[in-house]
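Please look over the sequence and the structure below before reading on. The briefing covers a few selected parts of the chain.

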Amino acid sequence: MALRLYDSMRHEKVLFEPLVPGKAGLYVCGPTPYAPAHIGHAYSAISFDTIRRGLEFLGYEVNYVRNITDVEDKIIKRAHELGEEPMALADRLAAAYNRDMAAFNVRPPDNEPKVSTHMAEIIAVIEKLVENKCAYPVDGDVYYAIEAFPSYGKLSGQTIDKLRAGARVEVDERKRHPGDFALWKSAKPGEPAWESPWGKGRPGWHIECSAMTVAHLGHTFDLHGGGKDLIFPHHENEIAQSQGAYGTETFARYWLHNGFLRRVDPEEAPIDDGDPEEKMSKSLGNVIDCTTVIAHVGGEALRFFCVKHHYRSPVDFIVESVRDDAGKITGQRYRSLETADRELSYFYKTLLDVDAVVATDAGADGPVMPEAERLLPAVKEALLDDFNAPAVVAAMYEAATLANRLVKETKGIDKQLRKRTLARLARDLRTAGDAVGLLGNQPQTALTARRDRLVKWRSLDAALIERKITDRAAARAAKDWKLGDAIRDELTLLGVELHDGAGSTSWSVLDAG
């Protein structure tokens with residue numbers, strides 16, 4: 001089988017044929033750091049990190065480039081509002097973005113270019129466009145002439161004629177066509193500026209990515225990714241700029257676009273599933289910061305929630321209002337993440353139980369049960385089908401179900417075969433998890449961290465729980481079974497579940513309904 005992916009340019013799944021066999025160059029539009037990252041940003045970052053991992057699982061050597069747009073109108077505006085230097089604001093928030101993404105197990109890109117460090121490359125591309133009569137300077141500004149690029153609109157369908165007739169672009173009498181866009185903006189008081197052949201100024205948004213792709217991947221490369229909202233105008237303009245400057249027939253050979261993460265509150269009017277503009281964004285005021293989610297359920301739960309959905313799909317993120325007895329809203333509850341957190345803990349509990357069985361002796365080399373050999377081939381098949389992470393998760397569930405059955409079954413099966421099979425399942429579950437960015441923590445560490453978060457969220461007294469467990473152990477040692485059961489029942493009412501093991505008792509917090 002070969003990798004097939006959905007190309008936004010051709011609107012269908014196509015065979016992936018990289019420029020260099022066995023290698024893949026991937027460019028993804030990264031953050032514009034003017035405010036804290038929200039989980040809509042995280043969904044895109046997780047999607048393309050999963051695609052990168054999928055390529056690597058399939059054997060490709062990946063050069064993953066994700067930029068930081070640290071020179072942009074929104075950054076300048078926000079910096080002025082805060083009384084901060086624009087570049088300092090961008091650096092601070094870019095670092096915060098990377099910390100947040102690390103909490104979601106998003107690996108750093110191989111290259112992370114910044115606009116501010118690529119001014120020479122940006123100016124060089126603009127000079128080529130002017131030389132090729134694809135751009136024209138006006139009063140210190142430089143505009144791209146879309147009429148010089150007849151195939152403009154081939155990605156988005158926004159043709160030159162549609163742009164002339166439409167009202168989506170601002171009217172500027174200096175432009176030759178209303179759809180012409182800025183490549184270079186003349187300096188304005190209080191804004192960062194750089195020297196150029198057209199005077200001091202700064203680049204427009206779109207030219208920045210064209211220059212950075214050329215610098216790190218060449219005039220033509222394999223894969224370009226980003227959110228669906230970037231198809232027009234950003235990615236459309238990248239194509240026009242890059243091909244107009246260098247005369248290449250192809251800029252990116254394949255285009256990948258992730259769907260939107262959409263906030264849904266059951267108390268509000270439902271979202272129209274057919275509305276592609278309904279996304280989580282700062283402008284709509286419906287964002288949930290990454291730091292809020294990390295504090296509530298940890299980063300891996302959001303990752304699990306995301307990879308359970310195909311990267312091209314729109315995803316509904318359920319938020320419920322928490323009310324007091326008088327009906328006053330006192331907070332929010334993230335049902336989607338609580339479910340993902342609970343499901344993720346199932347896998348970690350499975351690994352913990354399996355590890356306990358095979359810890360002393362995984363068995364000699366030899367065959368395993370045939371069912372245990374299905375997981376990794378299923379993962380490969382899923383990833384070859386447009387990086388189908390939900391199918392990977394489904395295969396992991398099948399393997400975990402088998403593992404849990406074998407943990408409980410001690411009769412009717414050869415002891416060494418059982419242990420070998422469990423060892424294989426644990427190994428392959430971790431390998432499959434890594435292919436989608438999951439199960440990278442030690443099981444006990446992950447489960448303890450989840451318990452501690454639930455203790456904090458439920459306002460439970462962990463020290464009191466430990467004392468009760470000690471009292472119960474003493475009662476059981478004295479054969480006071482009635483008292484021991486009463487303490488267990490008391491803890492159950494608090495939402496605490498006890499797990500009696502060999503010589504010790506552990507505990508977890510029951511999930512709320």
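The model is a predicted one.

**Helix α2**

- An α-helix has 3.6 residues a turn, so residues three or four places apart point the same way.
- At the start of α2, Glu 72 places a side-chain oxygen within 2.7 Å of the backbone nitrogen of Lys 74.
- After α2 comes Gly 83, which has a positive phi, near 70°.

**The largest cavity**

- The volume of the largest cavity is about 120 Å³.
- Its lining is made of 13 residues, and the closest to the centre are Glu 338, Asp 341, Leu 454, Trp 457 and Asp 511.
- Two or more lining residues come from each of α8 (290-297), α10 and α14 (443-457).
- The element that gives the most to this lining is α14, with four residues.
- By type, the lining of the largest cavity holds eight charged residues, four nonpolar and one polar.

**Asp 341**

- Asp 341 belongs to helix α10, which covers residues 335-358.
- Leaving aside neighbours within four places in sequence, Asp 341 is in contact with Val 297, Ala 301, Arg 450 and Arg 453.
- Asp 341 is also among the residues closest to the centre of the largest cavity.

**The second largest cavity**

- The second largest cavity has a volume of about 70 Å³.
- The residues that line the second largest cavity are Tyr 43, Ser 47, Thr 50, Cys 306, Val 307, His 309, His 310, Tyr 311, Phe 387 and Ala 389.
- At least two residues of this lining come from each of α1 (39-57) and α9 (299-307).
- The most is given by α1, with three residues.
- No charged residue is found in the lining of the second largest cavity, which divides into six nonpolar and four polar residues.

Technical notes:
Residues numbered from 1 in each chain as written. Predicted model: local features only at pLDDT ≥ 70, side-chain atom pairs only at ≥ 80, totals over all residues. Heavy atoms only, no water. Polar contact = N/O pair within 3.5 Å; in protein donor to acceptor, adjacent residues only side chain to side chain. Contact = heavy atoms within 4.5 Å. 1 Å grid on protein atoms, 1.4 Å probe; cavity = no way out; pocket = protein on both sides within 12 Å on 5 of 7 lines; lining within 4 Å. Points joined across faces, edges and corners; volume = space filled by probe spheres on them. Nonpolar A, V, L, I, M, F, W, Y, C, P; charged D, E, K, R; others polar.
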